[in-house]
Amino acid sequence: MIILGLTGSIGCGKSSLSNILKDNNIDIIDADVISRKIFEDKKLLTSVFEHFGDGIKNKDGSLNRKALGNIVFNDDNKLIELNNLTHPKIKERVLNEIEKVKLYNKDIVVIDAPLLIEGGYLEIVDKVLVITCNEEIQINRIQKRDNCSKEEALSRINSQMTQEEKVKYANYVLDNSGDLKTLKDKTKEFLLYMKENWYD
């Protein structure tokens with residue numbers, strides 16, 4: 001079974017690509033979904049509150065993600081602190097999910113993770129697919145999706161590894177500067193390439 005790592009910078013269309021792969025009956029392990037679920041772990045939640053203060057706590061005691069995001073997207077050290085707290089848990093769940101998929105004798109499983117490279121997943125995956133796009137389009141997508149200013153969009157982009165850096169680790173690069181139909185066509189090309197070149 002091929003373990004494919006899918007990554008790309010914010011606003012490049014990783015989720016759209018993930019959904020197209022799902023439509024092609026490919027199992028996706030979404031690290032973002034897992035990273036949201038891990039806060040159900042009370043012990044972890046408590047240590048996040050201890051690190052970042054009560055300002056990130058909702059009245060009901062749950063996590064205010066927006067408040068936490070505002071802290072970590074504007075301070076690299078805080079982002080590293082958060083990642084150090086959460087990454088081991090996320091990775092553990094990802095590995096469990098891979099084992100589950102293996103039981104079904106699938107040809108491929110995809111780990112969809114924005115921090116695939118930074119989070120140390122390269123040792124787990126066999127191949128890396130990086131989705132990229134033009135920076136202006138990227139900024140517009142983030143503004144539209146998150147209803148934020150250009151400055152906020154840029155601050156989110158700048159808090160991540162650059163697209164150029166990510167591409168250095170790629171076995172395949174998919175440019176998603178076009179519309180959804182173009183992305184679907186390019187995904188078909190990729191799936192064909194994968195079957196011809198990566199499967200034994």
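Modeller: Let us start with Glu123, which counts as exposed, at 66% relative accessibility; here buried means under 20% relative accessible area, exposed means over 50%, and partly exposed lies in between, for a 1.4 Å probe and protein chains only. Before going further, please keep in mind that this is a predicted model, in which local features need pLDDT of at least 70 and side-chain atom pairs count only at pLDDT 80 or more, while totals for chains, interfaces and linings use all residues. Residues are numbered from 1 along each chain as its sequence is written, and side-chain values use heavy atoms, with hydrogens and water left out.

Glu123 forms a salt bridge with Lys91, and the closest N and O atoms of the pair are 3.3 Å apart. Glu123 sits in the loop between β3 and β4 (127-132), whereas Lys91 belongs to helix α5, so this pair ties together parts that are 32 residues apart in sequence. The term salt bridge stands for a side-chain nitrogen of Lys or Arg within 4 Å of a carboxyl oxygen of Asp or Glu, while helices (H or I, at least four residues) and strands (E, at least two) are DSSP runs, numbered from the N terminus. As a general point, side chains of opposite charge can pair when their charged atoms come close.

With this rule the count comes to 11 salt bridges. One of them joins Asp27 to Lys106, with the closest N and O atoms 2.6 Å apart. That pair links distant parts of the chain, since Asp27 is in strand β2 (residues 27-30) and Lys106 is in the loop between α5 (76-102) and β3 (108-112), 79 residues apart. Asp27 is partly exposed, with a relative accessible area of 25%, and Lys106 also counts as partly exposed, at 33% relative accessibility. A further salt bridge brings together the side chains of Glu165 and Lys168, at 2.7 Å from N to O; Glu165 counts as partly exposed at 30% relative accessibility, whereas Lys168 counts as exposed at 63%.

Two packed helices are described by the angle between their axes and the distance between the axes. Helix α6 (residues 135-146) and helix α7 (residues 150-158) pack at an angle of about 115°, with their axes 9 Å apart, which makes α6 roughly perpendicular to α7. Axes are lines fitted to C-alpha atoms, for helices over the stretch in contact, and the angles run from 0 to 180 degrees between N-to-C directions; angles under 35 degrees count as roughly parallel, over 145 as roughly antiparallel, 65 to 115 as roughly perpendicular, and the rest as oblique. The crossing of α6 and α7 is right-handed, where right-handed means that the near helix is turned clockwise from the far one by less than a right angle, and left-handed means anticlockwise. Asp146 of α6 and Arg156 of α7 are among the residues that make the contact, as are Ile139 and Ile142 of α6 and Leu154 and Ile157 of α7, contact being heavy atoms within 4.5 Å.

Helix α3 (residues 42-52) and α5 pack at an angle of about 170°, with their axes 11 Å apart, and that makes α3 roughly antiparallel to α5. In this contact Leu44, Ser47, Val48, His51 and Phe52 of α3 meet Lys78, Glu81, Leu82, Leu85, Thr86 and Lys89 of α5.

The structure holds 0 disulfides, a disulfide being a pair of cysteine sulfur atoms within 2.5 Å. The sulfur of Cys12 has its closest cysteine sulfur in Cys133, and the 3.8 Å between them is too far for a bond. Cys12 counts as buried, at 0% relative accessibility, and Cys133 likewise counts as buried, at 8%.
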